[in-house]
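The structure comes first, and the notes follow by topic.

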Amino acid sequence: MTIIIDQPEFGDEVADKKISNDPTELILDGGFTVPEANAFGHTFRDYNGESERRKNVEEFYRMNHLYQSFEFVTKMREAYSKLNRVEMSIWECCELLNSFVDESDPDLDEPQIEHLLQTAEAIRKDYPDEDWLHLTGLIHDLGKVLLHQSFGALPQWAVVGDTFPVGCAFDESNVHYKHFKENPDYNNPAYNTKLGIYSEGCGLNNVLMSWGHDDYMYLVAKENKTTLPSAALFIIRYHSFYPLHKSGAYRYLMNEEDVDNLKWLQIFNKYDLYSKSKVRIDIEKVKPYYMSLIQKYFPEKLRW
């Protein structure tokens, strides 16, 4: 891995039904059994119930909702879209994540590489012929390397957690919505209406999302000329957008392409969320398979 020194500038319900009559297209339920409880024995994505991590998770969202403003997001996207901090392969990035635990996640306290492989292997078992989706499962959270010192060691509230649009009103379906009231955009008339700076049906590609690992990994994949299909890039960019794919919020910003890609995201979400467990994956056993997919869809070294 080559390090380039440069300092930074400053939901759970899915419709269990077929989505298409096309036999070549995935269906949502491929046999994956949804567990009744998360790794702590609690309901998935329960942000109000008592658990070992509840207080930490709420404090995370208080900070996230306070600081994720339109101005902040604009500055972060400008700084990190340069992709001039690190050169490394996809697998090197997976290994780099092994020391991080997501503080916003009430369902898991395992290192990130465990979750990546759990997601990918669960998809692979049900849909063995959809290799692009297997690889999407492996790489969807790689943007969390923003936590690493080589990327500026951003605070967790600027890297993980549910995402949401900025530049328009915050929807009440957002987790811990009450904490948005301290956000500078909350009372800004330019940003606090339903559409804000956007127009109905403008397309999510034209909407600025809260800054974090989703949008960063999307930028990395796109700018490094991945050959993954557009549905994969949509999944990477919006997999934490739970207000949309769990609650149906912000749909008025979507265009037709977004509607089509949302079907794939809802398929993916089932595996992303419910595959979190204490079951360990034999990394060395599955590594050759994922290395072959990385070689198929990505260059050997990527700019990050």
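For the residue classes used below, Ala, Val, Leu, Ile, Met, Phe, Trp, Tyr, Cys and Pro count as nonpolar, Asp, Glu, Lys and Arg as charged, and the others, Gly among them, as polar. The model is predicted: local features need pLDDT of at least 70, side-chain atom pairs count only at pLDDT 80 or more, and totals for chains, interfaces and linings use all residues. Residues are numbered from 1 along each chain as its sequence is written, and side-chain values use heavy atoms, with hydrogens and water left out.

**Confidence**
- The average pLDDT (the predictor's confidence in each residue, from 0 to 100) is 84 for the chain, and 77% of the residues score at least 70.
- Residues 1-30 stay under 50 in pLDDT, and the model has 76 contacts for them beyond four places in sequence; contact means heavy atoms within 4.5 Å.
- Residues 34-45 also stay under 50, with 36 contacts beyond four places in sequence.

**Largest pocket**
- A pocket is an open set of points on a 1 Å grid over the protein atoms alone, with protein on both sides within 12 Å along at least five of seven lines; a cavity is a set where a 1.4 Å probe fits but cannot get out, and lining residues have an atom within 4 Å of a point.
- The largest pocket holds about 240 Å³, a volume being the space filled by probe spheres set on the points, which are joined across faces, edges and corners.
- Its lining divides into four nonpolar, four polar and four charged residues.
- Helix 7 gives the most to this lining, with five residues; helices (H or I, at least four residues) and strands (E, at least two) are DSSP runs, numbered from the N terminus.
- Among the lining residues are Tyr-218, Lys-222, Arg-237, Asp-258 and Asn-261.

**Asn-261**
- Asn-261 lies in helix 9 (residues 256-274) and is buried at a relative accessible area of 8%.
- Buried means under 20% relative accessible area, exposed over 50%, and partly exposed in between (1.4 Å probe, protein chains only).
- Beyond four places in sequence, Asn-261 touches Ser-230, Ala-231 and Phe-234.

**Helix 6**
- Nine of the eleven residues of helix 6 (residues 213-223) are buried, including Asp-214, Asp-215 and Tyr-218.
- These buried residues pack against helix 2, helix 3, helix 5, helix 7 and strand 3.
- Lys-225, which follows helix 6, has a positive phi near 60 degrees.

**Second largest cavity**
- The second largest cavity has a volume of about 30 Å³.
- Four nonpolar, six polar and one charged residues form its lining, with Trp-157, Asp-162 and Trp-211 among them.
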